[in-house]
Amino acid sequence: EKERKDCLFDTIIFICILAIFLFTLLFTFQDTLVDFVGEGYSAMGYYILGYVFLLSINELSLVLLRFEKKVFKYLIFSFIKTTAELLAIIYFVVYLHEGVLGRVEGSLVSMIFVFLILFKVLIWKNITPSLNMTYLSHYVKYSLPLVLNQMVGWILISYDKLLVGQNFSMRELGFFALGRQILIIYKYTMESSLKSFNVDLFSNPGLASDLKNILTLILSVSAIFALLFSFSANEFVLIMSNENYSEASDIIKYMVISKYISMGSAVYVMVLFAHKKTSAVSIISLKSLAVLLVV
């Protein structure tokens with residue numbers, strides 16, 4: 001338990017150091033940001049960084065609950081976090097008419113609210129204020145390749161949006177957006193089960209030796225849900241929209257295949273995480289990026 005408390009404190013310190021560095025960087029290049037986005041939106045960068053910083057601490061609290069396998073508490077706090085952010089965004093955008101700025105203001109306010117709860121209830125009693133450089137060095141070594149991995153993911157998403165914007169008509173964009181929105185339900189449902197597997201894998205890396213059976217189970221369950229989404233695509237479209245968007249059902253049927261395959265990939269990535277082979281994860285991401293851009 002002492003090691004866990006030391007590790008948690010070191011992780012929070014690392015997140016704080018990174019946040020200070022990013023805030024300093026933003027302050028240094030503030031004039032350039034104003035020229036790029038305009039005076040009215042120059043504060044958005046600070047709002048977004050503040051949101052990401054608090055989100056990181058709040059997610060660390062939820063990771064602690066997953067580690068302790070307190071599923072009900074995890075569910076409750078996740079629900080509070082999501083609901084608070086949604087209500088705050090609605091308040092700033094709809095009632096205060098803040099527009100795009102209201103979106104980030106609402107998110108930041110909600111994260112402050114959730115932080116005050118989670119820090120008091122979960123973090124404060126689970127940290128020991130003593131800096132352990134060994135943990136910190138291991139943490140940095142483990143996480144740096146994952147920073148590259150996330151940057152590659154950001155490029156993939158940005159490239160996707162650029163491709164869609166340049167080649168889709170407004171009509172096609174509507175079908176595509178609706179299809180993807182419905183598939184997020186499938187994605188989140190499957191990822192929630194992987195989070196449970198993730199905890200068991202990290203507490204017992206020996207599970208990786210039974211990877212074939214685990215992978216078969218996860219892919220079987222994912223396949224059942226994928227078939228459900230494929231066969232019920234038209235019904236999902238009608239529930240969330242109307243018959244004018246019926247073509248979005250084709251988007252669902254095609255894209256659910258790639259989402260299904262990604263479930264299997266996610267399991268292998270988790271195994272690499274458990275064995276501390278984060279560099280291998282980054283290499284795989286770079287190869288995937290190259291293949292996708294060519295395709």
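# Buried residues, rings and salt bridges

Colleague: Is Ser282 buried or exposed, and at what relative accessibility?

Modeller: Ser282 counts as buried, because its relative accessibility is 3%. Buried means under 20% relative accessible area, exposed means over 50%, and partly exposed lies in between, with a 1.4 Å probe and protein chains only.

Colleague: What kind of model is this, and how are residues numbered?

Modeller: This is a predicted model, where local features need pLDDT of at least 70, side-chain atom pairs count only at pLDDT 80 or more, and totals for chains, interfaces and linings use all residues. Residues are numbered from 1 along each chain as its sequence is written, and side-chain values use heavy atoms, with hydrogens and water left out.

Colleague: Back to Ser282. Which helix is Ser282 found in?

Modeller: Helix α11, residues 278–294, holds Ser282. Helices (H or I, at least four residues) and strands (E, at least two) are DSSP runs, numbered from the N terminus.

Colleague: Which residues does Ser282 touch?

Modeller: Leaving out residues up to four places away in sequence, Ser282 touches Pro145, Leu146, Leu148 and Asn149. A contact here means heavy atoms within 4.5 Å.

Colleague: New topic. How many aromatic pairs are there in the whole structure?

Modeller: The search finds 8 aromatic pairs. Take Tyr91 and Phe92: their ring centres are 5.7 Å apart and their planes sit at 90°, so this pair is edge-to-face. Rings of Phe, Tyr and Trp (its six-membered ring) pair if their centres lie within 6.5 Å; planes under 30 degrees apart are stacked, over 60 edge-to-face, and the rest tilted.

Colleague: Is Tyr91 exposed, partly exposed or buried? And Phe92, buried or exposed?

Modeller: Tyr91 is partly exposed, because its relative accessible area is 45%. Phe92 counts as buried, at 16% relative accessibility.

Colleague: What about the rings of Tyr186 and Phe229?

Modeller: Tyr186 and Phe229 are edge-to-face too, since their centres are 5.5 Å apart and their planes are at 65°. This pair links distant parts of the chain, with Tyr186 in helix α7 (residues 170–203) and Phe229 in helix α8 (residues 211–231), 43 residues apart. Tyr186 counts as buried at 1% relative accessibility, and Phe229 is buried with a relative accessible area of 4%.

Colleague: Which residues do ring pairs link into a cluster?

Modeller: Phe115, Phe119 and Trp124 are linked that way.

Colleague: On to cores. Which residues touch the most other members in the largest nonpolar core?

Modeller: Tyr186, Phe197 and Val267 do, out of 28 residues. Two or more residues each come from α7, α8, α9 (233–240) and α10 (248–274). The largest share, 10 residues, comes from α7. A nonpolar core is a set of buried Ala, Val, Leu, Ile, Met, Phe, Trp, Tyr and Cys residues joined through side-chain atoms within 4.5 Å.

Colleague: Which residues does Tyr186 touch?

Modeller: Beyond residues up to four places away in sequence, Tyr186 touches Ser222, Phe225, Ala226, Phe229, Val256, Lys259 and Tyr260. There is also a second, separate core of 9 residues, which includes Phe9, Ile12, Ile15 and Ile123.

Colleague: How do the axes of α8 and α9 cross?

Modeller: The α8 and α9 axes come within 4 Å and cross at roughly 65°. Axes are lines fitted to C-alpha atoms, for helices over the stretch in contact, and angles run from 0 to 180 degrees between N-to-C directions. The two helices, α8 and α9, are therefore roughly perpendicular to each other. Under 35 degrees counts as roughly parallel, over 145 as roughly antiparallel, 65 to 115 as roughly perpendicular, and the rest as oblique.

Colleague: Which residues meet there?

Modeller: Leu228, Phe229, Ser230 and Phe231 in α8 meet Ala233, Glu235 and Phe236 in α9.

Colleague: Last topic. How many salt bridges does the structure hold?

Modeller: It holds 6 salt bridges. A salt bridge is a side-chain nitrogen of Lys or Arg within 4 Å of a carboxyl oxygen of Asp or Glu. One joins Arg4 and Glu68, with the closest N and O atoms 3.2 Å apart. That pair links distant parts of the chain: Arg4 is in helix α1 (residues 2–28), and Glu68 is in the loop between α3 (44–67) and α4 (71–95), 64 residues apart.

Colleague: Where are Glu85 and Arg103, which meet in a salt bridge?

Modeller: Glu85 and Arg103 meet at 3.9 Å, N to O. Glu85 is in helix α4 and Arg103 in helix α5 (residues 100–123), 18 residues apart. Glu85 is buried, with a relative accessible area of 12%, whereas Arg103 is partly exposed at 42%. Elsewhere, salt bridges that share partners join Arg4, Glu68 and Lys70 into one network.
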